[in-house]
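Visitor: I would like to go through this model and hear what stands behind each label.
Guide: Please put the structure up, and ask as we go.

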2 protein chains.
Amino acid sequence: MTAAHENFAQWCSDELARVEAALNQWIVADAPANLGEPMRYAVLDGGKRLRPLLVLAAAQSAGPLGVPQAEAALRAGCAVELIHAYSLVHDDMPCMDNDVLRRGKPTVHVQFGEAQALLAGDALQALAFELLVPEGRDIPDVMQARLCRQLALAAGYNGMAGGQAIDLASVGKSLTQPQLQQMHKLKTGALLQSSVEMGATCAGITGAALAALRQYGAALGLAFQVIDDVLDVVADSATLGKTAGKDADNDKPTYVSLMGLDAARAYANDLLAEAQLALAGSGLAQPRALAALADMVVRRSH
Amino acid sequence: MTAAHENFAQWCSDELARVEAALNQWIVADAPANLGEPMRYAVLDGGKRLRPLLVLAAAQSAGPLGVPQAEAALRAGCAVELIHAYSLVHDDMPCMDNDVLRRGKPTVHVQFGEAQALLAGDALQALAFELLVPEGRDIPDVMQARLCRQLALAAGYNGMAGGQAIDLASVGKSLTQPQLQQMHKLKTGALLQSSVEMGATCAGITGAALAALRQYGAALGLAFQVIDDVLDVVADSATLGKTAGKDADNDKPTYVSLMGLDAARAYANDLLAEAQLALAGSGLAQPRALAALADMVVRRSH
């Protein structure tokens with residue numbers, strides 16, 4: 001392992017510990033009628049935390065952060081993770097994908113019942129926005145408002161929820177590559193890209209560096225989904241921590257069904273190169289964690 | 001009808017027209033995969049718009065508003081209505097109340113399917129926050145951030161979603177009046193009270209006037225639920241626009257089951273008096289619309 005990778009491993013481990021501690025603190029256990037239980041179950045002790053890491057890496061890419069900016073980035077990272085987690089809870093429900101396994105555990109509705117899963121997801125979405133607008137934490141109002149704007153756009157009808165609606169409508173249909181791309185750009189890409197942009201907001205990054213981060217985020221978001229489709233075919237459920245092969249079972253169009261396995265893998269590598277190129281030309285002082293995260297996304301096994 | 005009531009009727013009619021036009025504009029029809037259809041169906045052409053009217057009445061209670069403040073109030077009113085509408089969509093789903101009739105029409109999941117109802121609700125919640133943080137509309141950042149904070153708290157685990165969790169857990173159980181009160185304070189009261197407080201935020205109302213508005217909002221929120229329970233017993237489905245008698249059918253505790261019909265009615269009148277008293281002592285220049293709204297809430301027939 002190179003020194004750069006050792007540093008990245010250490011960075012990841014440090015940041016993940018901060019994210020887990022923050023999530024553990026902010027998703028309170030004592031919500032009314034035990035609603036905290038399914039909320040915590042849905043978020044804690046699982047997940048790669050890719051989105052929080054992207055927020056933090058982007059926020060730190062221009063150099064060291066002040067204390068309020070660092071807190072804003074931690075809050076933004078956790079907020080994005082809550083949106084991601086709630087979408088999985090709702091997506092797993094019987095009326096959607098009807099999945100029983102997630103991160104190697106029974107899904108929330110299996111564990112707590114459908115009504116609790118529905119409410120826990122709803123409450124997680126509200127909590128995501130709550131995290132972005134704390135009172136008395138010295139985070140500038142303009143930053144709080146912009147973070148809310150970025151998250152709302154990424155989560156809503158023209159972002160993640162819209163992408164899921166396309167996904168739902170596409171079952172059993174054959175999509176062209178541009179249509180498939182549009183679906184994933186919204187369903188998964190919007191939140192991943194928004195993670196990078198929210199990090200940039202916390203650091204006050206603008207201009208050419210912001211444009212480069214956007215390009216990086218778009219390529220990364222797409223690569224993530226291509227690899228997801230590849231893994232759905234080649235990995236087993238135990239490695240994935242969720243039901244493997246379900247896209248084919250559900251007759252859903254994927255990059256693999258559209259391009260074939262080898263071409264899908266090659267496409268993911270092209271997107272990785274595009275993301276790295278954007279970083280290389282960004283002029284950012286500390287792009288290394290972002291570069292390593294892109295690498296990780298494409299080379300992951302689950 | 002007195003002159004004051006004629007004025008109020010005119011005020012209502014003018015403000016409702018603005019709210020309907022704004023909702024119609026902001027819930028776009030061209031969302032991906034027709035997701036706009038269930039979203040619009042869930043919100044447009046129905047509902048009393050009590051929450052937007054409360055936001056607007058509170059915002060105008062200290063006197064005329066500037067243009068950005070008036071726009072903030074309209075956005076806040078619509079945002080609260082979207083949260084209310086999404087909660088009804090999810091609440092009506094088979095895993096919750098399993099209701100087929102709402103505002104005299106088939107519920108969203110009956111009309112569009114459960115998956116679309118779930119997604120439309122999720123997207124409406126995101127859109128609510130999006131409305132509060134528009135770019136380039138001259139609404140101060142501090143106001144945008146505070147509105148998001150108020151809405152997130154009212155909608156989340158310690159507000160509406162938490163109240164629904166208590167509701168869910170209470171089916172078939174007998175609650176004491178304090179427990180029932182706590183449930184409704186969260187389930188319905190939090191969003192009604194937050195409507196009043198968000199209006200105050202748009203107008204920059206603070207101090208004793210804000211405290212009076214909070215007291216008004218708390219009493220109004222509670223009165224609303226007491227009357228809801230009364231109407232569930234005495235009105236028929238056609239008048240209500242939703243299934244009557246469902247609380248008793250579902251073996252849910254209500255103010256009527258707890259206190260009896262006459263005592264519940266008397267309690268609602270006490271709460272109305274409390275709300276009016278708070279307004280009378282508020283020192284606000286224009287409390288009349290708020291007073292008339294409280295009146296309307298308690299004297300309504302559906």
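Visitor: What makes residues count as being in contact with Val89(A), leaving aside its neighbours within four places in sequence?
Guide: Contact means heavy atoms within 4.5 Å. By that rule Val89(A) is in contact with Ala42(A), Val108(A) and Ala117(A). The model is a predicted one, where local features need pLDDT of at least 70, side-chain atom pairs count only at pLDDT 80 or more, and totals for chains, interfaces and linings use all residues. Residues are numbered from 1 along each chain as written, chains are lettered from A in the order written, and side-chain values use heavy atoms, without hydrogens and water.

Visitor: Why is Val89(A) called buried?
Guide: Buried means under 20% relative accessible area, exposed over 50%, and partly exposed in between (1.4 Å probe, protein chains only). Val89(A) has a relative accessible area of 5%, so it is buried. Val89(A) lies in helix H4 of chain A; helices are DSSP runs of H or I with at least four residues, numbered from the N terminus.

Visitor: Why does Leu53(B) count as buried?
Guide: The relative accessibility of Leu53(B) is 1%, and therefore Leu53(B) counts as buried. Leu53(B) sits in helix H3 (residues 50-59) of chain B. Not counting residues up to four places away in sequence, Leu53(B) touches Trp11(B), Cys12(B), Glu15(B), Leu16(B), Lys48(B) and Leu293(B).

Visitor: How do you know that Asp122(B) has no salt bridge?
Guide: A salt bridge needs a side-chain nitrogen of Lys or Arg within 4 Å of a carboxyl oxygen of Asp or Glu. For Asp122(B), which is buried, the nearest side chain of opposite charge is Lys187(A), 12 Å away. Lys and Arg count as positive, Asp and Glu as negative, and His and the chain ends are not counted.

Visitor: Which residues does Asp122(B) contact, leaving aside its neighbours within four places in sequence?
Guide: They are Tyr86(A), His90(A), Asp122(A), Gln125(A) and His90(B). Asp122(B) itself is in helix H6 (residues 114-132) of chain B.

Visitor: What is the area buried between chain A and chain B?
Guide: It is about 3900 Å², with 74% from carbon and sulfur atoms. Buried area is the accessible area (1.4 Å probe) that two parts lose on being put together, summed over both.

Visitor: How many salt bridges does the rule find across the interface of chain A and chain B?
Guide: It finds zero. In contact are 46 residues of chain A and 46 residues of chain B.

Note on methods. Helix = DSSP H or I, 4+ residues; strand = E, 2+ residues; numbered from the N terminus.
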